[in-house]
Amino acid sequence: MKGLRKYISPFSPDQSGAASVLFGYGGMLIIMDAGGCVGNVCGYDEPRWGGAKSAIFSAGLRDLDAILGRDELLIRKIRQALQDMDATFIGLIGTPVPATIATDYRALKRLLEKDTGIPVLPVETNGIELYDKGQEKAYQWLFREFLDESVTEKENRVGILGATPLDTTAVDSGAEFRRLVPGGVVYGMGDTLEDVRKTLSAERNLVVSPSGLKIARMLKREYGMPYETGYPVEAESRREFTERILPELGSHILIVHQQIFANEIRKWIRERKPDAKVTVAGWFRMDGTLKEEGDRHLDEESDLLKLVRDGAVDTVLGDPLLKRALPGWQGTYLDLPHYPVSGELHSVETSRDYWKKAGHRR
C-alpha cells in the first residue's frame, strides 16, 4: 500500500523545514494552521527551542475562517501581535489548511506589507512534502527579499548554504562551520539579515545539504557566484569516526542520510577502503548531479529493505530508527542519526558528541 508505514515514524514535514531556515532572523513566523502544526514544529522538529527564542504563532484558523477566507481576521491578529514585538519581517508558512482552500499568499503579502510596513515572506508549504522542500522554498524567499544587488565589493567571506539543525549534526554546527571555514557565514545558523543583504560580497558558496543547491545555482546563474558542495568536519572527529567503523564495514555499504553528508562519509570510507562498494540512498532530495551509479531515492518504507536485499548490502549506516524497517536482515547496522527521522530520540547536544555517538553498532 502506497504510503504505508509499519516501522518508522513520519519524517519532518515542509513547514518545519521552512521554520528552521527562518528561525534566527528576528521575524514573526505565522504557521497558517488551526493550532496543531505549531506544536509539531516547536516540540519535535526544531531542537533550538530548548535554548533560543524565536517568535512563532499559530494563525488559529477555525473551520469557517479557513473556508470563507477571512484574511482581514488574520491581518488583525498579526497587527495586534506586532504591538508587543519588533519584527524584522513576517513569515507566512503554509500547512494543509491553506493548501486545501488555495489561499492566495501573494495577495496576503501585498495586504500585510501595506498594513504593517514590513517585509512579508509567503512560504507556500503544504504540510505534505518533506522538510528539505520547505527549506528550499524558505531560502528562495529569504534571498529574494533581502539580498542587496548593489553590493559588489568582495570580502573574505564564504556563504554556507543548507545548514539548519535538521541537516547538520547538532545545534552548534553553525559555530563549527565558522571555525572550520575561514570567513564562513552560515545562513540560518548564527548569521543576521545584514549577512543575507551582503550575500554578493562572498567569494564563493559552500552547500552542505541539498536544500541549499537551488539558491546556490541561482546565485551562480544570475550573479556569477561559484559554489561547491561538501560537509566540513573537524579532523579529529573524522579520524575517530572512521577508525571506529572500519572494522565493521563489509564489501557493500549503504549510507542513508541527507545526500551531501552521506557523500562526505562515502569519501572517507573510500580513502581507507578503496575496494568497497558504497551506495547512498534516502527519502529526501537526491540531486542528479551528485548521484553515483547505484544511488537511490527511496519513496516507500519498504524500498529500504528491498534495496538492502536486492543489492546484497552487508553494512548500513543510518539513523537508529531506520533499523526497524529491516526485519530479518542479518547485516551490520551502524548509527548515523538524522534529526528529521528520529528527532529527540537520538539527538545530541554538540557536533563533537555526535561523532562520538555515530558509528556504533546498533
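**Close-up 1. Tyr131 and Phe284, two buried aromatic residues in a predicted model**. Tyr131 and Phe284 are both buried. Their ring centres are 4.8 Å apart. The ring planes meet at 75°, so the pair is edge-to-face; the cut-off for that class is over 60 degrees. Tyr131 belongs to helix α7, residues 131-146. Phe284 sits in the loop between β10 (277-282) and β11 (296-297). A search of the whole structure finds 13 aromatic pairs, with Tyr131 and Phe284 among them.

**Close-up 2. Tyr354 and Trp355, an edge-to-face pair**. Centre to centre, the rings of Tyr354 and Trp355 are 5.2 Å apart. The angle between their planes is 80°. Tyr354 has 3% relative accessibility and counts as buried. Trp355 has a relative accessible area of 2%, so Trp355 is buried too; the cut-off is under 20%.

**Close-up 3. One aromatic cluster that includes Tyr354 and Trp355**. Tyr354 and Trp355 share this cluster with Phe177, Tyr231, Phe241, Phe261 and Trp268. Phenylalanine, tyrosine and tryptophan are each represented in the cluster.

**Close-up 4. Arg5 over the face of Phe11**. Here an arginine lies over a phenylalanine ring. Arg5 is 4.5 Å from the ring centre of Phe11.

**Close-up 5. Arg144 over the face of Trp141**. In this view the ring belongs to a tryptophan. Arg144 lies 4.3 Å from the ring centre of Trp141.

Conventions: Residues numbered from 1 in each chain as written. Predicted model: local features only at pLDDT ≥ 70, side-chain atom pairs only at ≥ 80, totals over all residues. Heavy atoms only, no water. Phe/Tyr/Trp six-rings, centres within 6.5 Å; stacked < 30°, edge-to-face > 60°. Helix = DSSP H or I, 4+ residues; strand = E, 2+ residues; numbered from the N terminus. Buried < 20%, exposed > 50% of the residue type's maximum accessible area, 1.4 Å probe, protein only. Lys NZ or Arg CZ within 6 Å of the ring centre and 35° of its normal.
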